[in-house]
Amino acid sequence: MGRVIAAGVALGLCAVVLGAPPASAADSGSLGVQVSIDRRPIADATVPIDPADQVELQVVATNPGTAPVKVRSVRFSGVALALTFFAYDTTAPFEVPARATVTRTFVLDFGDLTGQATGLLPSSVELLDAQRGTLGEAATVADVRGSFWSVYGVFGLAMLVLTILAWVTALLALARHRLAPNRWRRGLRFLPAGFGTGLVAVISLSVLRLVPPEPAIEIPVVLGAAAIAFLLGYLTPHPAPPAVTDSDTTVRLPAPSTQEFTR
């Protein structure tokens, strides 16, 4: 059971630390992008998204290069813990001439977003070419008014259950004096519980609409909680050896000599 819990928490950790997609390299054909949702600029703002309402998305693309750039589609996506929890693609080909600006307006229907995410999520609007490469993007934070039982909410509940189990197994091992004599191994026994605590904290802050799970926040929180848990395990007392009871003591009597029986 302990290995299963550690594996589940480790998967969540890998998603945070290693799962972030690399930024695409800019080239001479990249576009500058400004986006407004319901006529409100999304730059440096938190954008409320209600799945029950349609959203008017306005994209202003600027081409500073010397060659025209062809845009095939527009993608609006939300990411948390380096995992994409929603993505909407709209195919709407248009061309941005060299040293020119083009404005396009789209209407997006987020009806099924209720079951995908809820809370604050880092989001972006990307312009994609025919090969699905990113020509330009604008980042924001979406305040998704989805269901608590969405994929994101259930993911948080699953991490909470695994974290509780990780703490219970580690503390039971401590109470029963079953931890390893080596301090480093005792610290590693508590490490999955620390990782899980950090992940649950990040998701809870997001769902409660307090802090979005951006890399600059989620990585220090997860690693900090893991370091504290490891330190707690490292400082746990050395497991005492099992006490010897009277029932474990065997008294050996000397065997009677043959002379006593002959008499």
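## The open sheet

Five strands make up an open sheet of mixed pairing, in the order 3-9-8-5-6, where strands (E, at least two residues) and helices (H or I, at least four) are DSSP runs numbered from the N terminus, and two strands pair if DSSP finds at least two bridges between them. The edges are taken by strand 3 (46–49) and strand 6 (83–96), each of which has a single partner strand, so one side of each is left without a neighbour in the sheet. From one strand to the next the twist averages 30°. This is a predicted model, in which local features need pLDDT of at least 70 and side-chain atom pairs count only at pLDDT 80 or more, while totals for chains, interfaces and linings use all residues. Residues are numbered from 1 along each chain as its sequence is written, and side-chain values use heavy atoms, with hydrogens and water left out.

## Strand pairings and faces

Strand 3 runs parallel to strand 9 (residues 134–144) and is joined to it by four bridges, with Val47 standing opposite Ala142. In a regular strand the side chains alternate between the two faces of the sheet. Strand 3 has Val47 and Ile49 on its covered face, and Thr46 and Pro48 on the uncovered one.

Strand 5 (residues 69–80) and strand 8 (residues 119–128) pair in the antiparallel sense over six bridges, and here Phe76 stands opposite Val125 in strand 8. Helix 2 (residues 151–175) lies across strand 5, strand 6 and strand 8, and runs at about 150° to strand 6; such angles run from 0 to 180 degrees between N-to-C directions of lines fitted to C-alpha atoms, for helices over the stretch in contact, contact meaning heavy atoms within 4.5 Å.

Leaving aside residues up to four places away in sequence, Ile49 touches several residues, including Phe76, Phe110 and Ala142.

## Aromatic pairs

Eleven aromatic pairs are found in the whole structure, counted when ring centres of Phe, Tyr and Trp (its six-membered ring) lie within 6.5 Å, with planes under 30 degrees apart called stacked, over 60 edge-to-face and the rest tilted. Trp184 and Phe230 form a tilted pair, 5.6 Å centre to centre with 45° between the planes. Trp184 lies in helix 3 (residues 183–207) and Phe230 in helix 4 (residues 215–234), so this pair ties together parts 46 residues apart in sequence. Ring pairs also link Phe76, Phe86, Tyr88 and Phe110 into a cluster.

Notes: Buried means under 20% relative accessible area, exposed over 50%, partly exposed in between (1.4 Å probe, protein chains only).
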